[in-house]
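Subject: Structure handover and findings

Hello,

Here is the structure I promised to pass on.

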Amino acid sequence: MRYILAKAGGQDGPVGKRWAKTMQNESGFFGSAGAVLGEVIRAIVSGIRYVFGGLGSAIGDFFSGLAGALDMSPSVFNFALLILGLLLLWAAIKSFARRGIIAGIFWLFLATLLLSGLIG
């Protein structure tokens, strides 16, 4: 398909101009098959863009809400520190489960120090 600039109603200026679709002249079997294949590919790409466009928006809203609830700025560095703090907290829980009181207190202190500096 080609797009041409057509005048609407004989008016001049940017208000009176519009873009009109025109089909290229497909003569023969292979021209028609190519046009059909092109339309199928266009439909698939539009569907994928619709799905991932919504997914990207949802992920952005999730991280924005998480940052707002924790009262921190929504930057990649802060989220990396948040993940590191949660890993330290997980190490403390595992140490306490194995009855390593000193190691558990050490990991819990590090996790608390990191997370308290990060959150509000």
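The notes below go from the whole chain to single residues.

**Ground rules**

This is a predicted model, so local features need pLDDT of at least 70, side-chain atom pairs count only at pLDDT 80 or more, and totals for chains, interfaces and linings use all residues. Residues are numbered from 1 along each chain as its sequence is written, and side-chain values use heavy atoms, with hydrogens and water left out.

**Whole chain**

The protein chain has three helices and two strands. Both types are DSSP runs numbered from the N terminus: helices are H or I with at least four residues, strands are E with at least two. The order along the sequence is β-β-α-α-α.

Of the 120 residues, 13% count as buried. Buried means under 20% relative accessible area, exposed means over 50%, and partly exposed is in between (1.4 Å probe, protein chains only). The accessible surface comes to about 9300 Å². Carbon and sulfur atoms hold 70% of that surface. Areas come from the Shrake-Rupley method with a 1.4 Å probe; for residues, only the protein chains shown count as cover.

Contact means heavy atoms within 4.5 Å. Take the contacts between residues at least 6 apart in sequence: 24% of them join residues at least 24 apart.

Helix α1 covers residues 29–70. Its 42 residues should span 62 Å at 1.5 Å a residue, and the end C-alpha atoms are 62 Å apart, so the two agree. The expected span is 1.5 Å times one less than the number of residues.

A nonpolar patch lies on the surface. Its members are Val36, Val40, Ile44, Ile48, Tyr50, Val51, Phe52, Leu55, Ile59, Phe62 and Phe63. Together they have about 1100 Å² of accessible area. Patch residues have over 30% relative accessible area and no salt bridge; like charges are joined within 9 Å, and nonpolar side chains (Val, Leu, Ile, Met, Phe, Trp, Tyr) within 5 Å. A salt bridge is a side-chain nitrogen of Lys or Arg within 4 Å of a carboxyl oxygen of Asp or Glu. Phe62, one of the patch members, sits in α1. Phe62 counts as exposed because its relative accessibility is 53%.

Asp71 is in the loop between α1 and α2. Its phi is near 55°, a positive value in a residue other than glycine. Asp71 is exposed, at 57% relative accessibility.

**The core**

Which residues make up the largest nonpolar core? There are six: Ala67, Met72, Phe79, Leu82, Leu115 and Leu118. A nonpolar core is a set of buried Ala, Val, Leu, Ile, Met, Phe, Trp, Tyr and Cys residues joined through side-chain atoms within 4.5 Å.

Met72 touches Ala67, Asn78, Phe79, Leu82 and Leu118, not counting residues up to four places away in sequence. Asn78 is in contact with Met72, Ser73 and Leu118, again leaving aside neighbours within four places. Asn78 counts as buried, because its relative accessibility is 13%.

**Helix α2**

Helix α2 covers residues 76–97. Its 22 residues should span 32 Å at 1.5 Å a residue, and its end C-alpha atoms are 32 Å apart, which agrees. Asn78, Phe79, Leu82, Gly85, Leu88, Ala92 and Ser95 are buried in this helix. Their cover includes α1 and α3.

- Ser95 is buried, with a relative accessible area of 4%. Beyond its neighbours within four places, Ser95 contacts Gly100, Ala103, Gly104 and Trp107.
- Phe96 is partly exposed, at 34%. Outside four places in sequence, Phe96 contacts Ile101, Gly104, Ile105 and Leu108. The C-alpha atoms of Phe96 and Leu108 are separated by 9.7 Å, with the two residues 12 apart along the chain.

Arg99 lies in the loop between α2 and α3. Its phi is near 65°, a positive value in a residue other than glycine. Arg99 is exposed, with a relative accessible area of 75%.

Best wishes
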